[in-house]
Amino acid sequence: ERVWDWLLGSPIRQVDGLLSDSLSGAADVQCDCCNGTFATDQKPRCVTLLGRPTYTYVQGMFIGAAAAMFNLSGNFSYVHEAERTLQAVLHLLTAEGVLVEPFNSTEEAAPAPCSEQHDPAGTAHPDAYSFKGVFMLQLADFLTAVPHVNPELNRQLTTLVTNSSNAAWGLRNEPPWKHTLADSCADPSHAHQAAGPPKFPWYWK
C-alpha cells in the first residue's frame with residue numbers, strides 16, 4: 001500500500017490519468033533520483049522526464065497492479081484508479097476505436113518483416129510490437145478480477161478489444177511462410193523470405 005500511495009503521488013501519474021514511461025532527477029536528462037516525495041543530499045527529487053511517452057504497456061501494468069491490489073484488499077479505490085486510467089486510454093490512446101501508441105505510425109514504411117519500422121527486427125523500439133499485447137493481457141486480468149466494472153466503461157472496453165484485435169489481425173504478415181535464409185534479416189533483399197508465425201507491427205492503426 002505504501003508503494004501504491006507513492007506511485008499515485010509521484011509525477012509519473014499524470015493529471016489526465018495516464019502514466020508516463022519514466023522518472024528522472026532532472027526534466028531534461030535521464031539521471032538517478034530518490035523518489036517522488038523528497039530529496040536527499042545524494043539524489044534529487046524525482047520529476048517526470050520531458051518527452052517520455054505514455055506507452056500502452058505502462059497503462060496496462062498499472063491496471064494489472066490495481067487488479068492485484070483489489071484482490072488482496074477488496075478495496076474498490078484501486079478499481080476506481082484503474083477505471084480513471086482506462087477512461088484516459090479510451091480518450092487519448094485510441095484512433096478510430098483502435099488502441100495506439102502515443103507517437104506517429106509509420107504507414108510509409110516498407111512492408112518487410114525485417115524493416116526497422118517493423119518489429120521484432122530493428123533497433124528503434126525493438127520491443128514496441130509487444131506493448132499493446134501487455135495492455136490487453138492486463139486488461140483481461142482486470143476485467144476478470146473486478147466483479148462490477150462500470151457498465152458503460154465495460155462496453156467501451158469490449159469495443160476497444162474487438163476493434164484492436166481486428167486491426168492487428170488485418171496488419172499481420174500472412175502465410176504461407178517460406179524457407180528462411182540465414183541472412184534474411186541482415187540482407188533487406190531477402191526480407192520477404194523471413195519465416196515464422198504471424199508478426200504484428202507496433203502500430204495497429
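Modeller: Let's begin with Ser 77, whose relative accessible area is 35%. Buried means under 20% and exposed means over 50%, so Ser 77, at 35%, counts as partly exposed. Keep in mind that this is a predicted model. Ser 77 sits in helix α3. If you step back 11 residues along the chain, you reach Ala 66, and the C-alpha atoms of Ala 66 and Ser 77 are 8.9 Å apart.

Now let's turn to the rings. The structure has six aromatic pairs. One of them joins Trp 4 and Phe 62, which are stacked, with 5.0 Å between their centres and 15° between their planes. Why is this pair worth a look? Trp 4 belongs to helix α1 (residues 2-9) and Phe 62 to helix α2, so the pair ties together parts that lie 58 residues apart in sequence. Trp 4 has a relative accessible area of 7%, so it counts as buried. Phe 62 has a relative accessibility of 3%, so it is buried as well.

Trp 4 has another ring partner, Tyr 78, and here the arrangement is edge-to-face: the centres are 5.1 Å apart and the planes make an angle of 75°. Because Trp 4 is in helix α1 while Tyr 78 is in helix α3, this pair ties together parts 74 residues apart in sequence. Both Trp 4 and Tyr 78 are buried.

Among the elements over the buried residues of α4 are α2 (56-73), α3 (77-92), β4 (98-99) and α5 (151-170). The buried residues in question are Phe 131, Lys 132, Phe 135, Met 136, Gln 138, Leu 139 and Phe 142. Helix α4 itself runs over residues 131-145, 15 residues in total, and spans 21 Å from its first C-alpha to its last, close to the 21 Å expected at 1.5 Å a residue.

Let's zoom out to the whole chain. It has five helices and four strands, and along the sequence they follow the pattern α-β-β-α-α-β-β-α-α. Of its 205 residues, 39% count as buried. Among contacts between residues at least 6 apart in sequence, 63% join residues at least 24 apart. The chain exposes about 11200 Å², with carbon and sulfur atoms supplying 56% of that area.

Finally, how much confidence does the predictor have in each part? The mean pLDDT of the chain is 75, and 59% of its residues reach 70 or more. Where pLDDT is low, predicted coordinates should not be read in detail.

Conventions: Residues are numbered from 1 along each chain as its sequence is written. This is a predicted model: local features need pLDDT of at least 70, side-chain atom pairs count only at pLDDT 80 or more; totals for chains, interfaces and linings use all residues. Side-chain values use heavy atoms; hydrogens and water are left out. Helices (H or I, at least four residues) and strands (E, at least two) are DSSP runs, numbered from the N terminus. The expected span of a helix is 1.5 Å times one less than its number of residues. Buried means under 20% relative accessible area, exposed over 50%, partly exposed in between (1.4 Å probe, protein chains only). Contact means heavy atoms within 4.5 Å. Rings of Phe, Tyr and Trp (its six-membered ring) pair if their centres lie within 6.5 Å; planes under 30 degrees apart count as stacked, over 60 as edge-to-face and the rest as tilted. pLDDT is the predictor's confidence in each residue, from 0 to 100. Accessible areas come from the Shrake-Rupley method with a 1.4 Å probe; for residues, only the protein chains shown count as cover.
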